[in-house]
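Please keep the sequence and the model in view while reading.

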Amino acid sequence: MPAPSRSRTIGLACAVMAPLLALTACGGAGATSPGSAGASQTASSAGTDSRPSAAVVTDYLSYVGGKEGAADAGLAPVTVGWVNVEGGPAGNPEATQGAQAAVKYVNEKLGGIGGHPLRLNVCTVASAEEEGQKCGQQLLGDKNVSAIAVGNLFLGDASFNSVVAGTKPVLVGVATGPTMSTAKNTFSTFGDLPHIFGTWGTYARDVLKAKSAAVIHTNTPGDKIASGAAVKGLEAAGLTVKSVGFEAQAVDLIGPVTAAGAMTADVVVPISLGSGCVGIAKALKQLNVSKPVVSTPLCLSPDVAQGLGGDLPAWTYGIAQTLPMDASAADSKAFLTASAPAGLDYATQSKVFAPLGWSTILTYAKVLNAVGADKITPAAVTEELKKFSGPVVMGAAEVQCGKYQDAPAVCNDQSRFYQYEGKGGFKPLTDWIRPAR
Amino acid sequence: MSVLSVQSVSVSYGGVHALSDVSLEVRAGQLVGLIGPNGAGKTTFVDAVTGLVPARGRVELDGRDLTGRPPHTRARRGLARTFQSSELFDDLTVSENLLVTADRPSWWTALGETLGRRTPANPAVAEALAVLGLQDLADASAHELSQGQRKLVGVARALAARPLVICLDEPAAGLDTAESAELGRRLRAVADAGTALLLIDHDMSLVMGICDHVVVLEFGRVIASGPPARVRTDPAVIAAYLGASATTGTPETP
Amino acid sequence: MEQILLFAVLGLGQGALIAGIALGVVVTYRGSGIINLSTGAVAMASAYAFWSLTTGFFGFTLPVGPAAAGALVVALAVGVLTEVAVFRPLRTSSPLAKLAGSLGVLLTMQAGVLLIFGTQPQQAPSILPADTITFLGLTIPSDRFVLTGLVAAIALALGAVYRWSRFGLATRAASENEQAALLAGLSPNGVSLANTLLAALVAGLLGVLAAPIVQVDSITLPLQVVPALAAALFAGFTSLGVACTAGVLIGVSQSILYYLSTQSWFPTDNGNAMPGLQQLLVFALMVVALYVRGAGLPRRGEAVEQRLPAVPLPDRLLRPALVAAAVAVVALIVLPFDFRQALTNSMIGMVIVLSYVVITGYVGQISVMQLALSGTAGFVLSHLAVRWGVPFPFSALGAVLVATLLGVAAGVSALRVRGVSLAVVTLAAALAVEQALFNNTSFGGTAGVTVPPPTLFGIDLGPKADFRGLDGNEPSPLFGFLVLAVTVALGLYVAHLRRTGLGRQMLAVRSNERAAAAAGIDVRAVKITAFAISSFIASAAGTLYGYNFGSVSAARFTALAALGLIGFAYIGGITRVSGALAAGLMSTGALLPHALEKWFGIKGTWALLFGGVSLVVTLIANPDGIAGAAHRRKTAKKAKSPEVFRGFTPVEVKEVTS
């Protein structure tokens, strides 16, 4: 009867966010936050999408290379394994809903996989590490499964990966579980938190003209890796950085904020979530720090708003995904239009893992079509995924899998920066930018 | 030649002297009584001799110096004791209680037992049970016993170690007169078989009746020492007991 | 220097929190002799109540004042409930049973808040002023001073109550000599209830006030009981003043230590601050406290003899073991893969609990550290196999050896500490190992470190071996056989141990250390041997765990998980191998929870709740655990019909004669 350990807090916190203020964000690089309609109106030249229109995925049919119309129900189905954390005290069932909507869409509109209907073999992790192992065993045992997709697997990923161990390819939107980024034959189209921090350097140097930075991070394993990456990214851009961690349960953060030198630095980078974000925001206010704060989207959660008396901190956020509720963005519009008849209601669409699940299945549809329905084997799918270079639905125009030797699963290191203007309003500050060199 | 030789043992708790310069000798086959009013330091003396309380002075067993040795070493050298409140191992059966003292498992035998080798039954256990007439209780759980039975098992446990000396701390307390007399006879037999016994008891008739030699303590000091007949008439002893010897049943005949 | 002063003042907040919970611990102990591990959990309950009432969680929102009052009512209700349902029935039990009872309360309350409020950490509003004051050029939030002042005032008020009121006199009388107090006509139940309520009130108040210091979740406030226990140890579980002062000072030193750890000269863990320094500090302080105050706790003149559950001599070993092993072999081949996996998990859980059978069941010492030793063995196994290329089985043996040595070292240093104090100090040690060692990326890491599968003479014995069960899936039955072999061997060994001289010596030590020493038993050697055996078993379980998952990660070996396992062990029957079997079947991912989830959809948190409640019920109604109850039924049956196995003969005879 072990209680959920503190090291899991990051995942758990991610998993239970409710759409207060129509805002949800979680996970890592791809985690993002829907803005309000107001935000997109303010979206002006400064930050409009710089992706070539061909790279913004709006035409799903040509993207996946399918045939218009329904799949042939008489043909043998193509099965994709699906693993997600849900059904326990924490989890993101909307990821599975997004994936199932995408499957329905592929089967009804995009002609399935070469005419074969697509289906999912779903395995969920509720509350224990042991269940990840069970899912790995279940999907390895299903001989029809040649490709596995993952929703938000922040728990049980270690045992899942040790069972699958590259035997079958794994495609995941955001690599949330700590072992996902290094897992064999795994491909993360939105990357993970540590690897988009290179862009913080670019942004701080080129936009803010900053010379020094104060990084304040939670002492959770994930955030420690992330902060290390942030320090590297900022230092690569020529900034001097002081990084200070604090215990996850602490909310009184005047000490860490002071120790990090936030009072004298040009830019403050909080890497935390939940009450940690609240504590940093309060400490910055108490210490009268008015320097720019560039945060991860992990601070964009309802409990942070609640902890601060109703609204989110008005910081800058680096996000590796197009804001799905940004109606002015063409790819967001395409997602909203296509997924609604496939069964996603507005509330579900606005939860971040629904579009991620949607995007992941569509990527598989593209890859499986390229392999050919009758030639699908784990090895063939793996080879095709290795060649995948984007564009990603709701994501970056170009991705490169295997770029990072320390994290072979990470395919993306780009992100864009939004300014939160209060009351649900986001203003794009940059287009997609790359890490500093 | 004394089996147990205690020389000038002193114990103090804080500033209070519980024992001052107590010396005592017990020879093989001898049964020495140690008496004294409540609080005279009798139990403290046994604790000091067996190493359970830190003490100054010298303790020799069979000519070997035990001073400063931990309790279990003294026990293994042949110094056994019983406790006033028996202090049996309640989680074990009676015969297991005896086995604990009878067997001295070395690393070697422990390893053998681990590998499943059965250790042969230790004859000392059956012997000790027989001496005290406890054969029927061998498989009883220690915590199921009556107070009187516990006392006897405590004595049997000490015996099972086949020690050179046994210090018996009030073994007859809680026994009725007949049981007490029976115990006395059995103890005498043990002593006659060659074991040295140091008997502490309130039961004057028991002590005076079976002991070869009696030592009297008061306020942590020896106030008298000698054969029972002489000690009983010692004025200091009579004063210490305030005539108690007369009321608690002096032996019928000197 | 200024910075150190600033951090010292900032640490007052945490210090006040620790001091407040320490006061609760001391008050409960004085009232009922219980070391209440759930004191922090009471603060958690009240904090959750306050948060939910102020944020409209239940559909309505109260102003801060009534919400705080409501939170205190919740704390008091929790106090009444634990007193009446747990502490009172356990009043005559052994101190270890009382400690385990409070553990049951802790687990139940954690499960309760998880089920009601979810796992999301929450942020309650602060009712203390949020303004700052400038002091020597430092900006300091004023709530630090207010909070510290409040806790000091509570300590003074409690002190006055104990000194001058009739209730205080009764408490002092009861804590010095329960029996005498009983004779003097004082009701120990009344005294105990009043003190538990006082403690709940103090803890509840802290839960409401703690908002500016810590978040509201199911772990943080409950675990504040560990530094609070360190403060209480300094206070000898008696002095309110010392407990309060020590608590505040612990918070202040943690804060200063934190500041030092952010300095560039301080050693780091791959660029990040060294993890677990605070927990190491608390552990070190506990060791100091035990050294300064002596290892024993003040004893109460308890009215009733207190015994641990009995440890009967096992009559038959080999036959039931072989039958169980045969059943397991068949099951490992024919069952579907998920049940095979659950069976393997059960066996590994059983092995860990076996280590508790030795150290707690046979020797009567609660060591919370055993699971940490499993973790150590797992991590060392990974390093040996991956970094040094040591092949199986030498890698596993080496890992077990290293972890066993650590366990023996801990045992040697804890020789003077026994019983409840040992449980407390090993809890702090387990936390320190979890935070400082397992979360240190150069040794452990939450992301998990790889463990290559065991191969012997080129045959893969791991869960991915080629030989699959009937359904052709992983895990391979071969790995199940390996785990089974280890489990049966260790189970037989532990059961057999009870029959050996060493086993008798262990039980003698458990019964009475003085008498054992006088009987020629080297008590220290027996304890160290027991620590070694128990650590060996726990370490073996750690390596099996590593092979099972192909990796080892810190999350499995937390102090809280260790407490949960001790709970399972008690429920199963901590003095018996059959109890370990029952506990193993209940542990995480084992057959029972798997079947419950698969067939009835009952999830993990409910299991936590079930575990907490059944731990309390077991302690009160059936201290021997499931195995003990089964044993009693069996012996009762035997006593009634000694010829059970020849039952047919008399019937035939009857027919012939009639």
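The centres of domain 1 and domain 2 of chain C, taken over C-alpha atoms, are separated by 33 Å. Domain 1 of chain C spans residues 2-266, domain 2 spans 318-623 and domain 3 spans 628-658, with bounds that come from an automatic or database domain assignment. This is a predicted model, in which local features need pLDDT of at least 70 and side-chain atom pairs count only at pLDDT 80 or more, while totals for chains, interfaces and linings use all residues. Residues are numbered from 1 along each chain as its sequence is written, and chains are lettered from A and ligands numbered from 1 in the order in which they are written.

Between these two domains, 25 residues of domain 1 of chain C are in contact with 25 residues of domain 2 of chain C (C-beta atoms, placed from the backbone, within 7 Å). On the domain 1 side, α4(C) gives the most, with 16 residues (helices are DSSP runs of H or I, at least four residues, and strands runs of E, at least two, numbered from the N terminus).

Chain C also meets chain A: 54 residues of chain A are in contact with 69 residues of chain C. The largest share of the chain A side, 7 residues, comes from α5(A).

Chain B holds an open sheet of 4 strands in the order β2-β1-β4-β5, with antiparallel pairing (two strands pair if DSSP finds at least two bridges between them). Its edge strands are β2 (16-27) and β5 (64-65) of chain B. Strand β1(B), residues 2-13, pairs with β2(B) over 8 bridges, and Tyr13(B) stands opposite Val16(B) in β2(B).
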